[in-house]
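Colleague: I would like a close look at one part of this model. Please keep it brisk, and take the helix packing along with it.

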Amino acid sequence: MEENGQLDQLLHMKKTTHATTREHASRDLETFPPPMASSRVAVIGAGAAGLVAARELRREGHSPVVFERAAGVGGTWRYDDAASADPLGAGGVHGSLYASLRTNLPRESMGFLDFPFVADEGSVDPRRFPGHQEVLRYLEAFARRFDLLGLVRLETEVVGVRRRVDGAGAGVAGWTVSYCSRKLAGGELQEEEQSEVFDAVVVCNGHFAEPRLAEIAGIDGWPGKQLHSHSYRVPDQFHGQVVVVIGYHPSGMDISRDIAGVAKEVHVAIRSAPCGMQSTTAHANLWLHPMIECAEEDGSVVFQDGSRVKADSVVHCTGYKYRFPFLEEDGMVSVDDNRVGPLYKHVFPPQMAPHISFIGLPFKSILFPVFRLQSNWVAGALSGRIELPSPEEMMLDVMAFYSDMEARGWPKRFTHNLGVEAWTFEYEDWLAEQCGLDKMEEWRRVIYVAARARVSVRLESYRDEWDDDQLLAQAHNDLSKYL
């Protein structure tokens, strides 16, 4: 298997602790020298990306203000028992976690490079692949450790971002950010809309809130119930049912097994079913199928191989759409089949860089470290410490990237997918070089590759059978300087 070959190559590389010295570690925790320019920056979202963006901006000498519509920090890692009133839509509910969710990577590899994510005496979930509660606890600790909570305006939702042009009508002279804040007045909760002017905007609003649905012929006349994983919390509602789950990425894997514990039958439809795929699984009542061909009025769901089941419910584990409703009137970026663009290196719109940027669009990578690197790049570009190419050069780079994707036959929805060639960590290394920071540690890369490979061969148990203690010992040795 190709993944295992790449894993073996990484595992046999020289086993040395990453060459980050204690002097480097000390420097990394300090603020940078006074910047060439200081900006007042609106950061939209206080999840992992927004929090680390605020830290890097302040270290660079900027003045960030973080807007968060929820009642606490943590973004998508804040579990909300309440599901959307619309089972197929967001319905005003931002949270998309299900109760049983656990991480797909060992905690040691997930954390920010200079703030380790390790089990300690206060851990509510000491498992190597912890549940969502432990990730939220980690992010809240990060916010406290770097004194970020005072920068965050909770229960405040950004509803509009508009460019302010200079006197000649050509350049960007700031941004008007409009927001609604919820406040108690006279014993009643009231919303108040206000506006402020900022020098720059950093968008960190995440991409796990707007459900993306599978297109199924005949589904409008199908009599059963439908649900998107965004609205799934626990399996109780599927007791005794025949359920079709669409999608076999992490959420589809987890939710199908969750439901199998209470359902009569669970049938999983996979978009890219491998040739010769075994339909049976370790669960006696769970089967794998190719994608759905159509749904029929008698309750049948027909798969592309001609097999069919009469189902009570369909669960869409089909991912999410990127959406920026506060930017829609401006037209500064577009979203086409989940391609947000044009963006230079997934971050900067070429014509408005560095005054507006996007942190956290990539997926299928070690995301928290990527967020930190992107944030440092943005902060440095705003201060003048890092020089960006000209708008024309950035646009040429974007067009070359799109052309390369097309030549390889990759769909637009893969634009921000770092996992297509994640084994090289080319993007992460490029960002580190731009920022003048150390590259991601070798053990972290190896753990990521190992975890990705084990999902396919130990689907039922990969989270609970991690057996490479040497890698983890190397990780703890390297992280000890930050503890």
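Which residues does S109 touch, not counting residues up to four places away in sequence?

Modeller: A caution to begin with: this is a predicted model. S109 touches I366, P369, W443, R444 and I447, leaving aside residues up to four places away in sequence. S109 itself is found in helix α4, residues 107–110. Its relative accessibility is 0%. Buried means under 20%, so S109 counts as buried.

Helix α10 covers residues 442–457 and helix α11 covers residues 469–479. Their axes come within 9 Å and cross at roughly 145 degrees. The crossing of α10 and α11 is left-handed. By class, this contact has 7 nonpolar, 1 polar and 2 charged residues.

Next, P369. On the α7 side, the contact is made by V370, L373, Q374, N376 and W377. On the α9 side, the residues are Y427, E428, W430, L431, A432, Q434 and C435. The classes here are 8 nonpolar, 3 polar and 1 charged.

One further helix pair is worth a look. Helix α3, residues 48–59, packs with helix α5, residues 132–145. The angle is about 15 degrees, and the axes are 11 Å apart. Angles under 35 degrees count as roughly parallel, so α3 and α5 are roughly parallel to each other. The crossing of α3 and α5 is left-handed. A48, L51, V52 and R55 of α3 make the contact with L139, F142 and A143 of α5. Those residues divide into 6 nonpolar, no polar and 1 charged.

Back to the starting point. S109 is buried at 0% relative accessibility.

Terms used: Residues are numbered from 1 along each chain as its sequence is written. This is a predicted model: local features need pLDDT of at least 70, side-chain atom pairs count only at pLDDT 80 or more; totals for chains, interfaces and linings use all residues. Side-chain values use heavy atoms; hydrogens and water are left out. Axes are lines fitted to C-alpha atoms, for helices over the stretch in contact, and angles run from 0 to 180 degrees between N-to-C directions. Helices (H or I, at least four residues) and strands (E, at least two) are DSSP runs, numbered from the N terminus. Angles under 35 degrees count as roughly parallel, over 145 as roughly antiparallel, 65 to 115 as roughly perpendicular and the rest as oblique. A crossing is left-handed if the near helix is turned anticlockwise from the far one by less than a right angle, and right-handed if clockwise. Contact means heavy atoms within 4.5 Å. Ala, Val, Leu, Ile, Met, Phe, Trp, Tyr, Cys and Pro count as nonpolar, Asp, Glu, Lys and Arg as charged, and the others, Gly among them, as polar. Buried means under 20% relative accessible area, exposed over 50%, partly exposed in between (1.4 Å probe, protein chains only).
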